[in-house]
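Please walk me through a few features of this structure. I would like the general idea each time, then the case at hand.

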Amino acid sequence: MRGYYTPDQVRDAERPLLEAGPPGALMRRAAYGLTNVVVGELLARTGGVVGREVCVLVGSGDNGGDGLWAGAMLRQRGVAVKAVLLKPDRAHAEGLAAFRRAGGKVVESPGQPDLVVDAIVGISGKGPLRRDADALVSALDAPIVAADIPSGVDPETGSVDGPAVRAAVTVAFGARKPAHVLAVPYCGRVELVDIGLDLPDPYLSAFEPADVGALWPIPRATDDKYTQGVVGVSAGSDRYPGAALLCTGAAVAATSGMVRYVGSAAAEVVSHYPEVIAASDPQSSGRVQAWAVGPGFGTDDVSTQWLTTILATDLPVVVDADGLTVLASNPELVRARTAPTLLTPHAGEFERLTGQAPGPDRVAPVRALAAEWGVTVLLKGRATVIADPDGNTYVNDAGGSAASTAGSGDVLSGILGALLASGMTPSTAAACGARVHALAAATAAHGVDGEFAAPISASPLLSALPDAIRIVRSVTTGE
């Protein structure tokens, strides 16, 4: 499990070390880690270190001090280092003195170095780059290594409301911050430097592939089709039969012991998946252990009645797409539930449910909806945010936008229904399902050699699900 910590949590964890250690020791520890990452980047990009040129963009305060100390250490390794001081009268005094003693040069313009270190604003910074900093950054062609946070990116929410640094690499000091997963396009690759912090429970958590592989349900020696989990799927319609095929197919692929389908696309579903058992309505569906309901099944009176019937059971239910639209007008259907409920809106559906768009801070409103309605919420996006009624919050970075295609959410609903039927809690199912769904999309889009092949639709994503499951399982089993 990977944790992400707010600036306040990090500062609280730093305080005992600052009080116990000699002045500046923690800063030099962070700078040493930053130096090692910069050296590694120079070797990878230029093939050498001695004589290569690095420019440090230095702001006021401790982040600028981190950059200046790193500049001094780079000089000791033979790198030609210069620094642009954006606030010369407020530059970190000890760091600047060390930088000059090591032979670093203070300049007015970065020129065209081999690499740039962004030490303009740290985790206390808010808002976009100021005009002078933006002018410097905009003129650069060199790759940027950000010290802790790319300047202009909110460290807690990952929001960007103006000019900001787009880093090739971000060096996280002591702990990963929420922006490192919520703003990946700005952070680039994140390298964690251990500076000895004793951290609390994280603000956000992310499942690693090994975590997902260890939890993913697979048949055991004593299992039968019922103990593996029987999921009911109510999806699709005459207008959208594809939603039924994608959702049901995903439930089959996600290792359900049995899938029962309810809806008007029964003939199409069974012709594609003969192992699926079809029924005419939820009441006649037979024994199930969880439901996936909503993709493409309409918002008319019949759909509303079916959703009402399914939510009136004591079974776990995942609600998506048209089901969410019905809930927006009938929130009491889930607010009164005691059984596990998982809602999977995209931003537009979230706004229909709550009356407000998620906004730049995507975590707080998801937590609020989960707590108010007593449900688990999965807000889709490049960074998927998941929160349960107890405040446990998970995030999954998709690693790209391959899954941003029509029908992709239908596939996710089927996966989640299967995981709920296996006995997973909604938040664990959501975190595991989102991870494998993103991996399947990446596998389909990039092909067997890892190179980008072509944009995909939902059907190749569905076809790649077994491979994605095998990948996360292999991380755990070593296969």
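Q: Over the face of which ring does R166 lie?
A: A charge sits over a ring if NZ of Lys or CZ of Arg is within 6 Å of the ring centre and within 35 degrees of the ring normal. R166 lies over the face of Y186, 4.1 Å from the ring centre. R28 is placed over the face of W69, at 5.3 Å from the ring centre. This is a predicted model, in which local features need pLDDT of at least 70 and side-chain atom pairs count only at pLDDT 80 or more, while totals for chains, interfaces and linings use all residues. Residues are numbered from 1 along each chain as its sequence is written, and side-chain values use heavy atoms, with hydrogens and water left out.

Q: How many aromatic pairs does the structure hold?
A: Rings of Phe, Tyr and Trp (its six-membered ring) pair if their centres lie within 6.5 Å; planes under 30 degrees apart are stacked, over 60 edge-to-face, and the rest tilted. The structure holds 1 aromatic pair. Its members are F207 and Y394, edge-to-face at 5.4 Å centre to centre, with 75 degrees between the planes.

Q: Which parts does the pair tie together?
A: Helices (H or I, at least four residues) and strands (E, at least two) are DSSP runs, numbered from the N terminus. F207 lies in the loop between β9 (204–206) and α8 (209–215) and Y394 in strand β18 (residues 393–397), so the pair ties together parts 187 residues apart in sequence.

Q: Is F207 buried or exposed?
A: Buried means under 20% relative accessible area, exposed over 50%, and partly exposed in between (1.4 Å probe, protein chains only). F207 counts as buried because its relative accessibility is 7%. Y394 is buried too, with a relative accessible area of 14%.

Q: At what angle do the axes of α3 and α4 cross?
A: Axes are lines fitted to C-alpha atoms, for helices over the stretch in contact, and angles run from 0 to 180 degrees between N-to-C directions. The axes of α3 (residues 62–76) and α4 (residues 93–101) cross at roughly 20 degrees and come within 8 Å. Angles under 35 degrees count as roughly parallel, over 145 as roughly antiparallel, 65 to 115 as roughly perpendicular and the rest as oblique. The helices α3 and α4 are therefore roughly parallel to each other.

Q: Which residues make the contact?
A: Contact means heavy atoms within 4.5 Å. Here α3 contributes L68, W69, G71 and A72, and α4 contributes E94, G95, L96, A98 and F99.
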